[in-house]
Number of protein chains: 2
Amino acid sequence: MTGFVPSGFRLAGVRCGIKSDPTRNDLTLIVTDEPCVAAGVYTRNLIYAAPVAVDRARTPSSRIRAVVANSGNANACTGQRGLQDALDMARCGAAVCGAAEDQALVLSTGIIGEFLPMAKIRQGIEEAARQLGSDEAAFVSAARGIITTDRSHKVAHRAVDVGNRTIRIAGMAKGAGMIGPNMATLLGIVLTDAPLTADAAQSLLQEAADASFNCISVEGHMSTNDTLLLLASGGAGGQPLADTERALFADALREMCIELARTIPNDGEGASHLITIDVRGCATGAAARKIAQTVANSALVKTAVAGADPNWGRIVSAAGYAQVPFDPLGVTLHVNGQLLYERGEPVGFDAEAVSQSMRSERETRIELSFAEGDAAIRFWTSDLTVDYVKINADYHT
Amino acid sequence: MTGFVPSGFRLAGVRCGIKSDPTRNDLTLIVTDEPCVAAGVYTRNLIYAAPVAVDRARTPSSRIRAVVANSGNANACTGQRGLQDALDMARCGAAVCGAAEDQALVLSTGIIGEFLPMAKIRQGIEEAARQLGSDEAAFVSAARGIITTDRSHKVAHRAVDVGNRTIRIAGMAKGAGMIGPNMATLLGIVLTDAPLTADAAQSLLQEAADASFNCISVEGHMSTNDTLLLLASGGAGGQPLADTERALFADALREMCIELARTIPNDGEGASHLITIDVRGCATGAAARKIAQTVANSALVKTAVAGADPNWGRIVSAAGYAQVPFDPLGVTLHVNGQLLYERGEPVGFDAEAVSQSMRSERETRIELSFAEGDAAIRFWTSDLTVDYVKINADYHT
């Protein structure tokens, strides 16, 4: 292990020529020296990409040796040939570390409906195999290999002491558009040296995703390629985590995933604000999620935040059409800590002061509370700006 | 009856000073000489405005005499005082035509969370009562009294021969933003001189709304104030419509409502395209509606149309997250009549020609077909432009 990188992994990011920009990486390879545990959480879109089909069939697993990811081409809506390409990409990744062909996972992101340039991908995998490293620079280079319209690479890491072991967790993610649970055109790869069983890895990852990557949106458009992987090498040593140890690890994993997930709407296409939405007092977690997501995906709420307008009417009316029953007289709203609406009625407030806080702070905090129960959720989204429209009206197929 | 206006109604639109612009009407009064049948379809938002509460309790009815509508103030989120104001507004409308106070209906649209300026409203109702007319100019003036950010007033009409009677139907509507089923910040008032029972009026209106006003969106934000009323004076004479006559009337009512409903996304805030979405081959009507609505509300689909980009990946992936099961290999897509995607796979097409047709035509036609059954729906929405964001980021509470 070097720096924040968990032990047992070697990584590289290289440029193989999928993207036209010669300064940008577009292929990432991660290999393990020993077979490792792998878990995955995937898009629920019925139109899912070939790499999702491959990984879904191969996880959870306790014998993965390699992950290959590319950016610039999603290998989505590419039919049988796309599936063969994804399998071939996995085969090449397995081959460079001497593994069996089904011991590799694949991720793709980028344009939909074009076939992967397989010659470039094969060359890229071989080049990456020559550059593998286990230091922080290698991790960042790998993180740069998966981004598309992101303004920068996205990484987060944690170290947690569990008994006499220090366990490391390090994650990379990409995503700036076509982001809406579950999941996003989000690729995320989390590495840890914790000793975990495959089943434990799967449930820990799902739990962390539900509090992080499944609580973000940019415009709410669920992608074809969303993939979040957890690889556990066991390199920290010792037996699989016991229950109390596992709780410590789960907290660290969840917090790291939240840190990483927040970077996505914060870097949302054209975004001038990160919007954090706290929904509390709901009957169930599912109800809280539905309300938060409906508010997050309201174009009128998002444009109001872009315009630094504390427009509580748009926020409470969005909650009202979330198709979740609640007592309207139990609704209370704060924006940036200021009370705007209390138990179903607007209250007098200093609109200019709230607007000023929205203008001066990158993050706008919306807190909606209900009188239905104790369930709560925290959700993050981007505002909707003129630049979002320009980026997406000008991005051509 | 004069021109297209059904017999039995007198109308006026006036300016009473709710809006700041001195050239714009903001109050509409409609009265009937005899008690008439009235039906209503309303927002399903849990946060609904005071006038919705009043009308919902009073329809269907066979004894309505007056409708009062105002624009510039929604009387929403205004609590008990708002409810009293709505009742008072109805009382004033009833008083000017000598009716009992509960024989009037009220509609409001505009800013949320401010109390109605009741002195202006009372004066406006009295002024409107002096200007009542039954000609086309009076109808247009009334239609101008309910608009807000609309670029122009919206009217449509039909005449249908039923037996030896000519029945007239004339509708007015408003709406350009906060539009998403069911219904929209949409106010719609449809007048007819058909003889109908209250129950028949209610089911005819619901059926027409389901094929028209409940098939439109601008940004998908369901409003607090959506109200569609049907008033039937019976002025065409004769007995209530028999079954075969009723079918003729239902067709005319539905077609007129569709004509009127389409004008709303076509006039959507900042819209440069009307998008018509045909979804066919679904297992149920509800499934077709859910898919159409999900495609209609995708910011990525809407920005692609704004950019004249035949981005089929965004369209089919939006269908894929509509939470409706379907076979991905049964999906076929046409845009402006051109085949882009067939049975789950992209097909070669002349992207420049399709883009050119999207640039040159106001309407973009998206046709999605599935292999699940025979259910179909037609849905309309706006594209998402830089101007939409500017309008809504600059509209202040």
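Reply: Start with pLDDT, which is the predictor's confidence in each residue, from 0 to 100. This is a predicted model, where local features need pLDDT of at least 70 and side-chain atom pairs count only at pLDDT 80 or more, while totals for chains, interfaces and linings use all residues. Residues are numbered from 1 along each chain as its sequence is written, and chains are lettered from A and ligands numbered from 1 in the order in which they are written.

Me: What is the mean pLDDT of chain A?
Reply: In chain A, 96% of the residues reach 70 or more. The mean for chain A is 92.

Me: How many residues does chain B bring to the contact?
Reply: Two residues are in contact if their C-beta atoms, placed from the backbone, lie within 7 Å. Chain A gives 46 residues, and the number from chain B is 46.

Me: Why are the two copies related as by a two-fold rotation axis, and which C-alpha of chain B is nearest the axis?
Reply: Superposing the copies (least squares on C-alpha atoms of residues with pLDDT of at least 70 in both) takes a rotation of 180° with 0.0 Å of shift along the axis, at RMSD 0.0 Å. The copies are therefore related as by a two-fold rotation axis. In chain B, the C-alpha nearest the axis, 2.5 Å from it, is that of Val386(B).
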